Amino acid sequence: MASTPLNIASGMTPSFSMVRKYFVAAAASFLVLCIGLTASYSDIHGHHFQPRLLALTHIATLGWITMIIFGAMYQLIPVVLEVKLYSELLAELQFWIFTAGVVGLAYGFWRFSVGMHLAAAAGLVLLAMIVFVFNVLATMAKVTQWNITGLFLLTSVVYLLLTGISGFLLSINLGFPFIGRIHLDYLKMHAHLGFIGWVTMVVMGVSLKLIPMFGLSHDFPTAPSKYAYAFLNLGLMGTMVEWLLTGAHWLLDFYVCLILLGIASFLLQLFLIYRHRLRKALDVGMEHSAAAFLFFFFAAAAGGFLAFATFGDAEAKEAFVLEYGVLALLGFASLLIVGQMYKIVPFLVWFHNFSDKAGREPVPMLKDMYSERGAEIELVILLLGILVLLAAIWFGLQGLLLGGFGLLLLGSLIFAYNIAAVFRIGKTYGDQRGNS
Amino acid sequence: MATKEEILEALKTVVDPELGINVVDLGLIYGVEVDDKSVRVTMTLTTHGCPLHESMAAAVQNVIRMVELTKEIHVDLVWEPAWNPTLMTDNARRLLGW
């Protein structure tokens, strides 16, 4: 007699091949980023507005960070909000448009060939973002039960769009100046819309779902997450308006304080989740994440310091801006993504290869799908690399920069090897079972 | 015909791939009803919206099919009452590092 179909919500998960593209492209971008940083270490000093640094920053923020967020959101939104993705075809198309745009943009900045070429590449990136935002909003339109994660994600895509539009306008302005004010004023807005509005908002929303799930945390107070959402949005919107209108300085200070208060509330929420966890030991993915959140604290502190402190000489300020960038992009965002990829990629591959076999034949545990020891070593190397970089910038030692980037490259190679191992495991594991 | 106890024993082979703990020790199985025609399992997961929900319920169905060849199998996934740590066995607590 046939079994009756399971009365569970099913078919929400998007196709593995679509999501896999985003994850593989992101891991490859991280490797390219680390190679690029190592190769051009001697260019990384002084002012942040310089061709190679712009190219590498966009490989980091678009090819690595945003690429992984796209893949993760396509995977998570249907599961977390219990709706089917509006269009997989659009998600597939978006991947190719975005990849072409990021490659064009990175090349354009690297060679500093501003003009039509750069604007066209930025236009492709913006088009991909519009497709993404449309796809996400059309998916979210079907949601009946909202939660704080959904709210964070919904808001983040609005900021993504604003980041893309401002970036596109800036790319035109580089070749055909039309903005009446200083380009760098707008660059500051573009960077913070992207980093706080898009990346931080996504990280907060996704963390509020995943961190308690991975740590088996239950019955923790959730009020700080709501304060984090309110403070961060009010602070960011206020800061943007003040930067745009160049209004009263005390008002800008007030809004920056709100952003810092929002980040503090979020970190408090994470601490409460951590305190209420049932799974006492942190696995290697969560160790990466814990280190990343520590860097988040320092990045926020550095951002606050930049907002309020007055620097005696311009060189010291530029060095501090670079420290801020390393803390935020490498210490916080990159370590967090590496850690969460150790959690999410094995799950995706497991779900695709072993889901239907569970209960019928032996299947691997997620932690068996990559080298835990390798990941531990990689974490130490990446941490060491970031600390060496911070010291090299602080003391102005170019040679030490090379050491720091070399360590990051080594760490990214181990990480790429480990992620490739996860993708290979399905076949290998199947072969082993066939031979036994 | 498999008894309720035999089905529960079989379900101990269904392991959460993230935690490495079986669904019985985790306290995810709320009930097993066996009659002449069918087996009905009521279960939950540790987190609402857990992406493993389809796999875990399917694995439970697969395992029961191996000990009970002919009956209808129903797996009801419920979120109420919500799972809580008191439902875990001592073995699960030990594996979580308590």
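Colleague: Which helices of chain A each supply at least two residues of the lining of the second largest cavity?

Modeller: In this predicted model, helix 2, helix 6 and helix 10 of chain A each supply at least two residues of that lining.

Colleague: Why is this space called a cavity, and what is its volume?

Modeller: The second largest cavity has a volume of about 220 Å³. It is called a cavity because a 1.4 Å probe fits there but cannot get out. Its lining has 18 residues, and those closest to its centre are Met213(A), Phe214(A), Phe347(A), Cys50(B) and Pro51(B).

Colleague: What makes some of its lining residues nonpolar, and how many are there?

Modeller: The lining divides into 12 nonpolar, 2 polar and 4 charged residues. Met213(A), Phe214(A), Phe347(A), Cys50(B) and Pro51(B) are closest to the centre.

Colleague: How many cavities does the search of the whole structure find, and what lines the largest cavity?

Modeller: The search finds 4 cavities of 30 Å³ or more. The largest cavity, at about 270 Å³, is lined by 19 residues, with Val203(A), Val206(A), Leu336(A), Ile337(A) and Gln340(A) closest to its centre. Helix 6 of chain A gives the largest share of this lining, 7 residues. By class, the lining has 17 nonpolar and 2 polar residues, and no charged ones.

Colleague: What makes the second largest pocket a pocket, and what is its volume?

Modeller: About 910 Å³ of space lies in the second largest pocket. It is called a pocket because it is an open set of points with protein on both sides within 12 Å along at least five of seven lines. Among the 34 residues that line it, Asn147(A), Lys209(A), Thr47(B), His48(B) and Gly49(B) lie nearest its centre. Helix 6 of chain A gives the most to this lining, with 4 residues. The lining divides into 14 nonpolar, 14 polar and 6 charged residues.

Colleague: How do you know that Glu18(B) and Arg279(A) meet in a salt bridge?

Modeller: Their side chains lie at 2.7 Å, N to O. The cut-off is 4 Å, so this pair counts as a salt bridge. Across the interface of chain A and chain B the rule finds 2 salt bridges. The elements that give two or more residues to the side of chain A that touches chain B are helix 6 and helix 10 of chain A, and helix 10 gives the largest share, 4 residues.

Colleague: How many residues of each chain are in contact, and how much area do the chains bury?

Modeller: In chain A 36 residues are in contact with 38 residues of chain B. Together the two chains bury about 3,300 Å², of which 59% is on carbon and sulfur atoms.

Colleague: What makes Lys21(A) and Glu92(A) a salt bridge, and which parts does the pair tie together?

Modeller: The side chains of Lys21(A) and Glu92(A) meet at 2.4 Å, N to O. Lys21(A) lies in helix 1 and Glu92(A) in helix 3 of chain A, so the pair ties together parts that are 71 residues apart in sequence. The distance is within 4 Å, so the pair qualifies as a salt bridge. Over all chains, the search finds 9 salt bridges.

Note on methods: Residues numbered from 1 in each chain as written. Chains lettered and ligands numbered in written order. Predicted model: local features only at pLDDT ≥ 70, side-chain atom pairs only at ≥ 80, totals over all residues. Heavy atoms only, no water. Contact = heavy atoms within 4.5 Å. Buried area = accessible area lost by both parts, 1.4 Å probe. 1 Å grid on protein atoms, 1.4 Å probe; cavity = no way out; pocket = protein on both sides within 12 Å on 5 of 7 lines; lining within 4 Å. Points joined across faces, edges and corners; volume = space filled by probe spheres on them. Nonpolar A, V, L, I, M, F, W, Y, C, P; charged D, E, K, R; others polar.
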